[in-house]
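Dear colleague,

Here is the structure I said I would pass on. My notes on it follow.

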Amino acid sequence: MQLTGIAVLDLALYLAAALALALRLLGRGPVFVRERRGFALSAAAAAVLLHSLALYALTVTPLGLDLGFFNALALAGWLAAVIGLAMASFLRPGFDSLGLVLFPLAGTSVLLAALLPADVLLLPSQGWPLYAHILVSLLAYGLLSVAALQALVLALQDHRLRGGAAGGVLSALPPLQDMERLLFRLIAAGFALLTVALLTGLLFVHNLMAQHLVHKTVLSILAWVLFAILLWGRWRFGWRGRTAIRWTLGGFAALLLAYFGSKLVLELILGRHWGLGS
């Protein structure tokens with residue numbers, strides 16, 4: 001099967017998993033979908049497996065690791081899907097609601113990578129430490145992107161509860177306090193990995209101007225500072241609710257611009273091919 005065909009099938013599986021979750025949350029649809037989430041988890045697991053195969057074919061080449069804009073997007077989508085699948089598998093029902101958004105986005109990311117290839121190679125001569133730095137960076141991005149999505153769900157939940165509309169999908173979600181607790185666990189884990197990524201990144205930066213990393217570095221540090229302030233505020237003042245949501249989304253916006261904003265401008269607009277660790 002051609003790579004595009006695999007990507008299309010992968011997107012279909014992700015959408016099937018998201019639809020099954022939606023029907024279960026709404027209490028509608030066939031009994032095997034509504035009452036058991038096994039169908040949704042099986043479809044999501046199959047989608048993640050196909051995503052893994054497609055990602056390997058897209059990024060691993062005889063000349064090195066290819067992490068162009070869309071390949072990196074597909075890798076970030078895969079990490080987010082894996083995190084979403086783990087949450088749906090090991091946390092109690094209700095926390096799997098994030099899969100409604102994570103799974104379709106992951107499927108879309110791999111389809112875009114298959115349809116819009118671009119060669120941006122990181123050569124093997126750069127060694128495994130650079131690849132370790134890339135992996136830690138993307139793991140941090142994956143966790144903090146899921147945290148940002150969790151913050152959006154919290155914002156909707158808070159808005160609806162303040163307005164007295166607690167029915168529908170909201171009734172299937174865990175209590176607000178449990179959702180906030182999960183949010184800060186995601187942020188703490190993502191922040192720790194982001195710290196490691198920034199420290200290890202110093203090993204591969206020889207000339208900020210020559211490597212076009214000034215904006216990326218500044219925005220990454222800004223994201224780190226915002227998340228650090230949020231975690232400190234939570235510990236010192238018990239920040240929660242809308243305050244926590246705003247700081248989370250602000251930190252993620254800076255991180256999004258730091259990596260994908262930079263790659264978008266440099267690769268797709270200016271035509272300068274560069275790697276995550278370059």
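Leu112 lies in helix H5, residues 99-115; helices here are DSSP runs of H or I with at least four residues, numbered from the N terminus. Leu112 is partly exposed, at a relative accessible area of 30% (buried means under 20%, exposed over 50%, partly exposed in between, with a 1.4 Å probe and protein chains only). Together with Leu115 and Leu116, Leu112 makes a nonpolar surface patch of about 240 Å². Such patches take residues with over 30% relative accessible area and no salt bridge, nonpolar side chains being joined within 5 Å; a salt bridge is a side-chain nitrogen of Lys or Arg within 4 Å of a carboxyl oxygen of Asp or Glu. Areas come from the Shrake-Rupley method with a 1.4 Å probe.

The model is predicted: local features need pLDDT of at least 70, side-chain atom pairs count only at pLDDT 80 or more, and totals for chains, interfaces and linings use all residues. Residues are numbered from 1 along each chain as its sequence is written, and side-chain values use heavy atoms, leaving out hydrogens and water.

An α-helix has 3.6 residues a turn, so residues three or four places apart point the same way. After H8 comes Gly238, with a positive phi near 70 degrees.

Next, the aromatic rings. Rings of Phe, Tyr and Trp (its six-membered ring) pair if their centres lie within 6.5 Å; planes under 30 degrees apart are stacked, over 60 edge-to-face, the rest tilted. The count by this rule is 10 aromatic pairs. Phe69 and Phe260 form an edge-to-face pair, 5.9 Å centre to centre with 90 degrees between the planes. Phe69 lies in helix H4 (69-90) and Phe260 in helix H9 (241-269), so the pair ties together parts 191 residues apart in sequence. Both residues are buried. Trp239 and Trp247 have ring centres 5.7 Å apart and planes at 25 degrees, so that pair is stacked. Ring pairs also link Phe69, Phe70, Tyr141, Phe252, Tyr259 and Phe260 into a cluster.

Phe260 returns in the largest nonpolar core, of 58 residues, where Leu98, Val146 and Phe260 touch the most other members (a core is a set of buried Ala, Val, Leu, Ile, Met, Phe, Trp, Tyr and Cys residues joined through side-chain atoms within 4.5 Å). Helix H6 gives the most to this core, with 14 residues.

Regards

Terms used. Patch = residues over 30% accessible without salt bridge, like charges linked within 9 Å, V, L, I, M, F, W, Y side chains within 5 Å. Helix = DSSP H or I, 4+ residues; strand = E, 2+ residues; numbered from the N terminus.
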